[in-house]
Amino acid sequence: MLALVLIGIDKRGDNMGNLFCCVQVDQSTVAIKETFGKFDDVLQPGCHCLPWFLGSQLAGHLSLRVQQLDVRCETKTKDNVFVNVVASIQYRALANQASDAFYKLSNTKGQIQAYVFDVIRATVPRLDLDDVFEQKNDIAKAVEDELEKAMSTYGYEIVQTLIVDIEPDEHVKRAMNEINAAARLRVAATEKAEAEKILQIKRAEGEAESKYLAGLGIARQRQAIVDGLRDSVLGFSENVPGTTAKDVMDMVLVTQYFDTMREIGAASKASTVFIPHGPGAVRDVASQIREGLLQASSVS
């Protein structure tokens with residue numbers, strides 16, 4: 001009889017507490033109680049009486065904590081690019097279905113991994129590579145729906161499903177980076193050309209405005225010169241009897257001629273100017289200056 005008791009204790013692997021028919025179940029854990037090998041009850045956290053001499057024993061423990069399983073799945077996209085999709089599955093056993101979770105599945109992680117593979121390899125091949133990145137949440141939702149429907153039968157709840165990483169081949173990633181860089185360079189070149197175009201337009205508008213204002217200034221200057229000369233000629237003719245307007249004009253032009261010659265000679269960087277000189281040449285110069293002023297006066 002003692003040998004049978006020792007064998008029973010050894011088969012169950014129980015501690016000394018079982019010798020006194022007491023077992024402890026930790027928090028966030030449930031224990032499966034069997035009587036003569038048949039499921040009897042689910043033991044909640046705490047201390048329980050387990051009369052082993054009446055055929056009662058613990059079949060095992062089941063954690064109710066949230067667990068995480070990372071699944072890496074290699075598949076091909078619609079545009080024939082191989083990618084590794086990493087899905088993170090958070091799941092837990094349901095306390096009210098602890099017996100199903102304990103007895104119906106022998107390899108929970110393997111079962112979840114199989115469903116994840118099935119959904120990802122059915123979803124990703126219908127999408128281009130860019131769409132895979134954009135519809136990551138839709139893929140995660142499809143995986144979660146399928147897992148929730150399948151694992152609820154076995155007493156498990158899918159808490160959250162995340163697609164944490166999408167890894168294309170290294171050459172594909174390098175090509176994608178080069179395409180992105182080229183597109184950004186193209187945009188930068190377009191913006192730079194547009195900026196240069198605006199600068200040239202503004203510069204041309206500024207030059208046109210500057211020339212317009214310079215032309216107004218020159219016209220007003222010439223008009224002021226003509227008005228001044230006219231007033232000088234009229235005043236001199238009235239104050240000096242016997243002089244005509246032509247004589248006064250010739251004298252003024254000759255005076256301006258010599259002033260111009262003096263300014264040219266006084267300039268440090270002035271070039272040498274060869275012009276006809278003499279009484280007849282001065283008269284010709286006066287005629288040319290007078291004609292130029294009269295033309296400028298008629299234009300303005």
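Asn84 has Glu167 in strand E8 as its bridge partner. Strands here are DSSP E runs of at least two residues, helices are H or I runs of at least four, and both are numbered from the N terminus. The model is predicted: local features need pLDDT of at least 70, side-chain atom pairs count only at pLDDT 80 or more, and totals for chains, interfaces and linings use all residues. Residues are numbered from 1 along each chain as its sequence is written, and side-chain values use heavy atoms, without hydrogens and water.

E7 and E8 run antiparallel, joined by 11 bridges. The open sheet has 3 strands in the order E6-E7-E8, with antiparallel pairing; strands pair if DSSP finds at least two bridges between them. E6 and E8 are the edge strands, each with a single partner, so one side of each lacks a neighbour in the sheet.

Contact means heavy atoms within 4.5 Å. Angles run from 0 to 180 degrees between N-to-C directions, with axes fitted to C-alpha atoms, for helices over the stretch in contact.

| Helix | Strands touched | Angle |
|---|---|---|
| H4 | E6, E7, E8 | about 35° with E6 |
| H6 | E7, E8 | about 145° with E8 |

The largest nonpolar core has 34 residues; Ile89, Val116 and Leu147 are among those touching the most other members. E7 gives the most to this core, 6 residues. Such a core joins buried Ala, Val, Leu, Ile, Met, Phe, Trp, Tyr and Cys through side-chain atoms within 4.5 Å. Buried means under 20% relative accessible area (1.4 Å probe, protein chains only). Beyond four places in sequence, Val116 touches Val71, Ala87, Ile89, Val143 and Leu147.

Key. Buried means under 20% relative accessible area, exposed over 50%, partly exposed in between (1.4 Å probe, protein chains only).
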